Amino acid sequence: MIEVTNLTKRYGEHVAVDHLTFRVEKGQIYGFLGPNGAGKSTTMNMITGYLAPSAGTVVIDGKDIQKEPEAAKRKVGYLPEIPPLYTDMTVQEYLSFAAELKKIPAKERKEQVRKVMEMTQITDMRGRLIKNLSKGYRQRVGLAQAILGDPEVLILDEPSVGLDPKQIIEIRDLIRKLGENHTIILSSHILSEVSAICDHIMIIAHGQLVASDSPEGLQKLMKGAMELELTVKGEYEALEQTLNKIPGVESLERMASPENGLAKVKVVTGENSDVREAVFFALADAKLPVMEMVHSEKSLEDIFLELTDDVKPVEKEKKKLFGKKKAVDTPQKESDTAEAEDSPKMSAEEEEA
């Protein structure tokens, strides 16, 4: 459905998106994750044609966004992080105006507007000014605008940002329903939301794609060492002695006992080593009854942090993103001092930027 090949965006020497390549299949909901400044919104803007790439191509259903922009954009509905709303219009006026901009035939506009208002549950708000709507309803109006024209692809940039928990659940349910008939790319910082809604997750860091798989596939990929929390009836010393004899057990961490007569420990194993069965039989032989055994897996948050921490910007980028390191106990040369004095000072506005 969407093919992104070597997509690159540079701002001077800073590379916001670095040779990004991925494919979006039809009828799937894709989660697009990454820390602030990773290049998510820039990538979305290039896919929709709002920004021209420095290099690379975006092809939507066989239409190149740069060579056939009108045909490609007709297949895409876009909801930016801040919906482009005319707040002095009523909901119905705005959606009718958006339908006209999208070149929906005049005889179909009224029905299309009615349909999208019904889908996003804003029919009761059709006569109200947008400036008088809550944040949640404004987000729904922006989503209704994206759906107009029945595009095959919906690109949603942080659709639930700033919403209360009830509104987040409503928007989540709406996106899941839209996913039945549309291909969706969803950017979000709420990892539980992405895990609950999306069929496929792409993680981006410093403009590079660092992972692309289903939520279950990512967990298997990042499984690594296993952690078990064990609670047994008996003394900790006996438990420790028994567990240390089991092949694959790498370390033990004593935990606070929930009650007298019980011992609790965290067991860390080697990579891809499942010791649960061996632990059970060893403790049974040692007459240490297992009261509880909990297998902890990496959450999507753990996977996200591990993957994004692994990718670092090149040295030139580090200076731009994180600032120059201050010298410690190093005498400054006279030429350096003179150069610093000659250089213009930053204004308050520049320092804030």
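Predicted model: local features only at pLDDT ≥ 70, side-chain atom pairs only at ≥ 80, totals over all residues.

Me: How are helix 5 and helix 6 oriented relative to each other, roughly parallel or roughly antiparallel?
Reply: Helix 5 covers residues 135-147 and helix 6 covers residues 165-178, and their axes come within 10 Å. The axes cross at roughly 15°, and angles under 35 degrees count as roughly parallel. The two helices, helix 5 and helix 6, are therefore roughly parallel.

Me: And what is the handedness where helix 5 passes helix 6?
Reply: The place to look is where Gly136, Arg140, Leu143 and Ile147 of helix 5 sit against helix 6. The crossing of helix 5 with helix 6 is right-handed.

Me: Which orientation class do helix 3 and helix 4 fall into?
Reply: Their axes are 10 Å apart, and the helices pack at an angle of about 125°. Roughly perpendicular runs from 65 to 115 degrees and roughly antiparallel starts over 145, with the rest counted as oblique. So helix 3 and helix 4 are oblique to each other.

Me: Which residues of helix 4 does helix 3 meet?
Reply: On the helix 3 side you've got Val91, Gln92, Leu95, Ser96, Ala99 and Glu100. The contact of helix 3 with helix 4 has 6 nonpolar, 2 polar and 2 charged residues. The partners in helix 4 are Arg109, Val113, Val116 and Met117.

Me: How many charged residues are in the contact of helix 3 with helix 5?
Reply: These helices pack with axes 9 Å apart at an angle of about 25°, which makes helix 3 roughly parallel to helix 5. Val91, Tyr94, Leu95 and Ala98 of helix 3 meet Val141, Ala144 and Gln145 of helix 5. Sorted by class, the contact of helix 3 with helix 5 has 6 nonpolar residues, 1 polar and no charged.

Me: On to the largest pocket: which element gives the most to its lining?
Reply: The largest pocket holds about 750 Å³ of space. Elements giving two or more residues to its lining are helix 2 (69-73), strand 6 (76-79), helix 3 (91-101), helix 4 (106-119) and helix 5. With 4 residues, the one that gives the most is helix 3.

Me: And which residues lie nearest the centre of the largest pocket?
Reply: There are 29 residues in the lining of the largest pocket. By class they are 16 nonpolar, 5 polar and 8 charged. Nearest the centre of the largest pocket lie Lys73, Val76, Leu101, Lys102 and Gln145.

How values were computed:
Residues numbered from 1 in each chain as written. Heavy atoms only, no water. Axes fitted to C-alpha atoms, helices over the stretch in contact; angles between N-to-C directions. Left-handed = near helix turned anticlockwise from the far one by under 90°. Contact = heavy atoms within 4.5 Å. 1 Å grid on protein atoms, 1.4 Å probe; cavity = no way out; pocket = protein on both sides within 12 Å on 5 of 7 lines; lining within 4 Å. Points joined across faces, edges and corners; volume = space filled by probe spheres on them. Nonpolar A, V, L, I, M, F, W, Y, C, P; charged D, E, K, R; others polar.
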